Amino acid sequence: MAKPKQIIRPEDITICESTQQMISKARRDGVELFFDRAEELKPCPIGADSACCKHCSMGPCRMNPTDPYKRVGVCGASIDTIATRNFGRMVAAGTAAHTDHGMAMLELFRGVIEGTITDFQIKDHLKLGEVAASLDIETDGREIKEIAADVYRELEKTYTQVEGEIPLVKRVPAKTLETWRREGIVPRGAMREIMEMMHRTAIGVDQDYENLTKQISRTALADGWGGSMVSTDISDILFGTPSPVEITVDMGVLKEDQVNIIVHGHEPNLLEAMMVSTAAPSLQQMAAEAGAKGINLVGMCCSGLEVLSRHGIPHAGNFSSTEAALVTGAVDAMTVDIQCIKQDLHKVAGCYDTVFVTTNYRAKIEGAQHIELDEHDPLKCTDEIVIKAISRFKNRSHPIEIPRRVGRGVHGFSHEYIKYMLGGSFRGGYEPLNDNIINGRIRGVAGVVGCTNPRSKQDFSHVELVKELIKNDVLVVQTGCSQVALAKAGLTTPGAAALAGAGLAEVCETVGIPPVLGLGSCVDNSRILMAVAEMVKTGGLGESIADLPVAGCAPEWMSEKAIAIGQYFVASGVFTVFGHTFPITRETKFEKLLFEGLASKGLGSWGFADDPYEMARLMLAHIDKKRQALGIDT
Ligand code: XCC
Ligand code: SF4
């Protein structure tokens, strides 16, 4: 492998000390990481501003981002058309990712109901009942399987329905839904919305940025209140709704004297099956005979967060640390399924003889070994991987260097749990959330979520932003790679209340929660939607989500999925800030629409900032503005 050329100091690349240590080791080992390529491969400035179009072979057409209205494309497309279409396709792709993931969960659920899949069960009957009730499905005196079959049939409409409204809009606060209906952005079905988005962004179709933006919102809402929410609900039904659990994160969770298996990706079924395999006495025995003290199952990225939230399985790190974990030399096997899997993981794994396996038919990597997970016989796949990992353990031939750091925290805060913890309802019980917002102990609620990105110092903006927010009495809820950054920094422990403002600290101490609540993986952003919907329904904080003193942020985002998430939060009424880059041309009508225009229609709005203190300032200003409008400006 080519030696990395530049010598940027690891501490300028990431604040994660384990990753720093592994960057240094990779350099000594002559192993190239994605950080090195990010340095070498500068982003195209025109592409970064979304000022180019390659939707047909009359182009590609490049605009001038510093003088955006100077030129139009060969077909006459304006900068607003071009940037809006590009944005729309990002939303379509992100929505497709989450909804296809949700579809896979739904298929698994169907197999369980029909009895063709027997290794997974309906575990959380309570959640099934709640989901059924929210869909107006009768539960009294009915068999679990009957209720489940009805839930399945209803949720399938999220995807396949061609007219009407997706079923889960039943959970949207009335006034928010009214706004969507007025704007014509209630999703019909995810497949239809994604298809229409792709159609309307093709050459010569929709060339009115405002009209396009409506379809962008409708598509994104089919993700948030559709595919992602289905994924969360079904995963909870099958694997259990999370409740607070003590967790460990960071590379120190790898064990030199054990067989280390990392599961990285997004669908929880593989990890659930892997939990069964690694606990099997026969495989434990095999590991012991190979000289191992045990089999150490560890997650990464969102797969890891699903099982961290549900079962407290240790987590080795977020997106920017996946290669670095391999550099320890301690990983005996890494399995990957879908999403956020860098193609070079295969290569880096090869440098350390780590067994690297793709497991999903829809995500193979050229040259990588593929052992498919078949839900009808999941242990066949996971047993085989464990056996391969044990064999790699036995034949370890690389020096091992495991960073010592282990972060601790309490995670697994489903919205159901938050509701329960704060008094059985968001208001009217014991010190509930809404009351504490109204009396000013809690200034507002912020979702800090999303990826890490080698274009910005790993974890830095996540951690600094969250510190600013809690210091200012804003309760933080988290999903995705962001919460791993905060867990590593120790901010997800109840003790972190010491870093919060006096009001928030008092609430955290009374209830016994951290000021930063980890809610799960990225599809679990739907839990945040449910929480804000609950806040509206509880009363006292306005009539629509747009009235709430809440804000969202993805400070180090990188994936198209993040744009889809951002757009569904904005369309739901939340002010949402993205950090470091924003994929549009500034000083355009489309920018004005996203940053100001949507809010005037009763939706939320986008914000952008380059550093975490500015992100915090924007979010606090918005929260204060909403408090003022509600007359609770204390
Ligand atoms: Fe991927 Fe979900 Fe982003 Fe992390 S936060 S880099 S999308 S793993 Ni989802
Ligand atoms: Fe150029 Fe128009 Fe074709 Fe885009 S669609 S590449 S702007 S000619």
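Isoleucine 8 sits in the segment before helix 1 (10–13). Helices here are DSSP runs of H or I with at least four residues, strands are runs of E with at least two, and both are numbered from the N terminus. With a relative accessible area of 25%, isoleucine 8 is partly exposed. Buried means under 20% relative accessible area, exposed means over 50%, and partly exposed lies in between, with a 1.4 Å probe and protein chains only. Not counting residues up to four places away in sequence, isoleucine 8 touches Ile13, Arg27 and Glu39, where contact means heavy atoms within 4.5 Å. The C-alpha atoms of isoleucine 8 and isoleucine 437 are separated by 44 Å, and the two residues are 429 residues apart along the chain.

The model is predicted: local features need pLDDT of at least 70, side-chain atom pairs count only at pLDDT 80 or more, and totals for chains, interfaces and linings use all residues. Residues are numbered from 1 along each chain as its sequence is written, chains are lettered from A and ligands numbered from 1 in the order in which they are written, and side-chain values use heavy atoms, with hydrogens and water left out.

Some backbone details come next. Most residues other than glycine have a negative phi, and most peptide bonds are trans. Serine 50 has a positive phi of about 60 degrees although it is not a glycine. Serine 50 belongs to the loop between helix 4 (45–48) and strand 1, and is buried, with a relative accessible area of 6%. Further along, glycine 59 and proline 60 are joined by a cis peptide bond, with omega about 0 degrees. Proline 60 is placed in the loop between strand 1 (52–53) and strand 2 (61–62). Histidine 580, also not a glycine, has a positive phi of about 70 degrees. Histidine 580 is in the loop between strand 14 (575–579) and helix 24 (589–600), and counts as partly exposed at 24% relative accessibility.

Helix packing can be followed through helix 7. Two packed helices are described by the angle between their axes and the distance between the axes. Axes are lines fitted to C-alpha atoms, for helices over the stretch in contact, and angles run from 0 to 180 degrees between N-to-C directions. Helix 6 (residues 125–134) and helix 7 (residues 144–160) pack at about 45 degrees, with their axes 10 Å apart. Helix 6 and helix 7 are therefore oblique to each other. Angles under 35 degrees count as roughly parallel, over 145 as roughly antiparallel, 65 to 115 as roughly perpendicular, and the rest as oblique. The crossing of helix 6 and helix 7 is left-handed; a crossing has this hand if the near helix is turned anticlockwise from the far one by less than a right angle, and is right-handed if clockwise. On the helix 6 side, His125, Leu128, Val131 and Ala132 meet Ile144, Ile147, Ala148 and Val151 of helix 7. By class, this contact has 7 nonpolar, 1 polar and no charged residues. Ala, Val, Leu, Ile, Met, Phe, Trp, Tyr, Cys and Pro count as nonpolar, Asp, Glu, Lys and Arg as charged, and the others, Gly among them, as polar.

Helix 7 also packs with helix 10 (residues 209–239), at an angle of about 150 degrees and with the axes 9 Å apart. Helix 7 and helix 10 are therefore roughly antiparallel to each other, and their crossing is left-handed. Leu155, Thr158 and Tyr159 of helix 7 make the contact with Gly226, Gly227, Val230 and Ile234 of helix 10. The residues of this contact divide into 4 nonpolar, 3 polar and no charged.

Asparagine 269 is in helix 11 (residues 268–279) and is buried, with a relative accessible area of 1%. Its contacts, leaving aside neighbours within four places in sequence, are Met105, Leu108, Phe120, Phe239, Leu373 and Glu375. Glycine 329 lies in the loop between helix 14 (322–327) and strand 6 (331–336), and counts as buried at 0% relative accessibility. With neighbours within four places again left aside, glycine 329 is in contact with Tyr352, Arg392, Pro399 and Ile400.

Helix 23 (residues 560–572) ends the tour. At 1.5 Å a residue, its 13 residues should span 18 Å, and its end C-alpha atoms are 18 Å apart, which agrees; the expected span is 1.5 Å times one less than the number of residues. Among the buried residues are Lys561, Gln567, Tyr568 and Phe569.
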